[in-house]
Amino acid sequence: MKNIVFNKDAFKKSVSDNVKNLYRKTLTEASRQEIFQAVSYTVKDVIIDQWIATQHVLDRDDPKILYYMSMEFLMGRALGNNLINLTCYNEVKEALAEMGVDLNLIEDEEPDPALGNGGLGRLAACFMESLATLGYPAYGCGIRYHYGMFRQKIKDGFQIEEPDDWLKNGYPFELKRPEHSYEVKFGGYVSARTDETGRTRFVHENYQSVMAIPYDMPIIGYNNNVVNTLMIWDAEPKQSFELDAFDKGDYKKAVEQQNLARNLVEVLYPNDNHIAGKELRLKQQYFFVSASLQRAVDRFKKNHADISMLPEKVAIQMNDTHPTVAVAELMRILLDDEGLSWDEAWSITTKTCAYTNHTIMAEALEKWPIEIFSRLLPRIYQIVEEINRRFILKIQEEFPNDGDKIRKMAIIYDGQVKMAHLAIAASYSVNGVARLHTEILKKRELNDFYQMFPQKFNNKTNGITQRRFLMHGNPLLASWVTEHIGADWITNLSYMSKLAIYADDEKMQQEFMNIKYQNKLRLAKYIQQHNGVEVDPRSIFDVQVKRLHEYKRQLLNILHVMYLYNELKEHPDMEFIPRTFIFGAKAAAGYRNAKLTIKLINSVADVINNDKSIDGKIKVVFIEDYKVSNAELIFAAADVSEQISTASKEASGTGNMKFMLNGALTLGTMDGANVEIAEEVGKDNIFIFGMSADEVIEHEKKRDYDPMQIFNQDQDVRKVLMQLINGMYSPNDPELFRDLYNSLLNTQCTQYADTYFILADFRSYVEAQKRVMEAYKDEKNWAKSAILNVAHSGKFSSDRTIQEYVDDIWHLNRIKVDLDI
Ligand code: 26Q
């Protein structure tokens, strides 16, 4: 069966056989979904051989293994990318075509596994792919949510959330591994007992527990036979109560355990950069962390008698604070199960754990009330208390005369457990996700910790995988690049710089623009089919796709559209290049201003798209249900990439990199990784505007920003804001957008008005948008800039990011997998 996909006839036979065996149908009778399943099983068959071979290498060589702990893995569809990484995408496409089947339509049958919210979850997915491609041994550890990120419907312009039933038809790329199940305990109490040797033992009693059952998903390296594993945990009750509970008369407990298991992994919390301090969330965190660590330690002990060697064989990376209970859980295993002393256990833990920070937004810093934490995880809480007690002594030693430091740095303070403080105290590495972000952490947010542990802090600028976001998402551009500079960029994106010499070549410029046009046609078709809106593929596609959050300032974008519309109405003959403003964004279900902004975008779209008098010069489109699969189409078709967060607020951004790779020009603030994008591409090939991070932070400190002054002085701003409350975009309910108006001007609504400096940056944004239009008039020069964006995207591959993590933090060695091992 080996490499069956490379053998066309065997591949075709396997697909037909699968259709027959799975559904008792012939190929012509099978639905697309059934063919998707059949094709996927054929592909899985090839993967399995490489997966087994990779496991054999791990067993034989006993290398150090990374455990990447993350509450979120926003994987996106697997079939197409698996075929690409197995280097048989085109062969399979051809074989299926001969069977009368269109691979693209089959790919569309796969639900997006959306076990993540946005940037952080997608980063984890890119990292898994890069780790496998570079040949580093790694497990992703997460949760098998039964419902992922909600599906977004737009009804009357409002967002409606629908459950994401991604497992409905069965997911062909997962493998249940019940033989590696573990028990995870919650609640109860801890008693201290003295054992026969005189040692104090802590016994956890009267707890509730669930079984954690791992499902493995294969992560395929590009053309290297390496298949790593994403291990996501499902929950099942420990005993089924039909069998045991009635006999034992323990009915209530059995029902409780059943419910616990059912609720635990039911749904992903749909918040992004905002904390929902819900008990169930903490349960989810401990559940997958405990199971993953038990698995990691068991695996280690299979080959090693000396537990103190753990840091040489295991690295644990915590993706934000969400899995930070890992620190205390590892201590618990070492203390209670392995019988180590505190100092031994602490020494191992602090050589094993590392932490990545993804935000400086205050509302996203995780804190848990002691009451919840200690009730749910009594033994873990004891351990955190002891970590805190010793940490405070250290703080006093370090800053003897500064009582304030304890208040600011303690792990437990004010009735709360502060997860970031725990993560920093117990990790040997603390990293930010873009240079500017890391500098802000060191200088401001985490400055106290930086003073105490300067050696722990380091930067790892984010990256993205070019296999998904260029090869798969933009096959035309990918082939064009390969034709001209060869295929090395696929596994080493810095080779893209070879394109730069073609930037001035008019024929190349034309070819590039033609590919862009084809991709715009493809997106226009998608928009027509899914939104019923017709857009002109010759217009500038100006795109902002990302989670909806006030700091990302979708409101600034749509206010500018309203302004531009006013201008066109007033000066019908002004010079104007037709523009399509494309938005895509999900709002957290309870985030009112975010949801209202979606409604505003749709209302503005309604008015402008239907105004015949402007001749279709502006179109506004809100793409429903923005997700990884349609993101790939969107990046490929974009001319302008809107990256307009308030400076200092976006830790890095990764969408910005995906646009750049696809030859869109960035219109952005000097925030997150935009700073590094500007540095790579040069100031002539990017549109920068707005306040700097330092300026924003300065105003926040001084609290001297007054948006009302701008409102009073700038007639254009005034006009647009008045249109928010005069019913222009909501004739039936003129008050509808009042809250958005208030958020910009009214100090009573939030701590201070216009928290995200939208009015402060408005003028500068308008000017930058004018520069965009001027630049687009010169199509050749635009093409040149776009090509240079592609050419200079090399730094932003997640391969580069992962190599830096390996060199500075994880210290892994590459494995080599030959088949037939
Ligand atoms: C926490 C507690 C309870 C419920 C939800 C959460 C939660 C969930 C997701 C908190 C934060 C997140 C996600 C954060 C996130 O995506 N951050 C982004 O990370 C990217 C990758 O590093 C960066 O590029 C973005 O700048 C950053 O916003």
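Colleague: Which residues does Asp-164 touch, not counting residues up to four places away in sequence?

Modeller: Asp-164 touches Ala-114, Tyr-147, Gly-148, Met-149, Phe-150 and Arg-151, where contact requires C-beta atoms, placed from the backbone, within 7 Å. This is a predicted model, in which local features need pLDDT of at least 70 and side-chain atom pairs count only at pLDDT 80 or more, while totals for chains, interfaces and linings use all residues. Residues are numbered from 1 along each chain as its sequence is written.

Colleague: Why is Asp-164 called buried?

Modeller: A residue is buried if 20 or more other C-beta atoms lie within 10 Å of its own, exposed if 12 or fewer, and partly exposed in between; Asp-164 has 25 such atoms within 10 Å, and is therefore buried.

Colleague: How do you know that the span of helix H6 agrees with its number of residues?

Modeller: Helices are DSSP runs (H or I, at least four residues), numbered from the N terminus, and the expected span is 1.5 Å times one less than the number of residues. The 16 residues of H6 (residues 119-134) should span 22 Å, and the end C-alpha atoms are 22 Å apart, so the two agree.

Colleague: What makes H6 largely enclosed by the rest of the structure?

Modeller: 16 of the 16 residues of H6 are buried, so the helix is largely enclosed.

Colleague: What makes a set of residues a nonpolar core, and how many residues has the largest?

Modeller: Such a core joins buried Ala, Val, Leu, Ile, Met, Phe, Trp, Tyr and Cys residues through C-beta atoms within 7 Å; the largest has 246 residues, with Ala-326 among those with the most contacts inside it. Its largest share, 10 residues, comes from H6.

Note on methods: Helices (H or I, at least four residues) and strands (E, at least two) are DSSP runs, numbered from the N terminus. Two residues are in contact if their C-beta atoms, placed from the backbone, lie within 7 Å.
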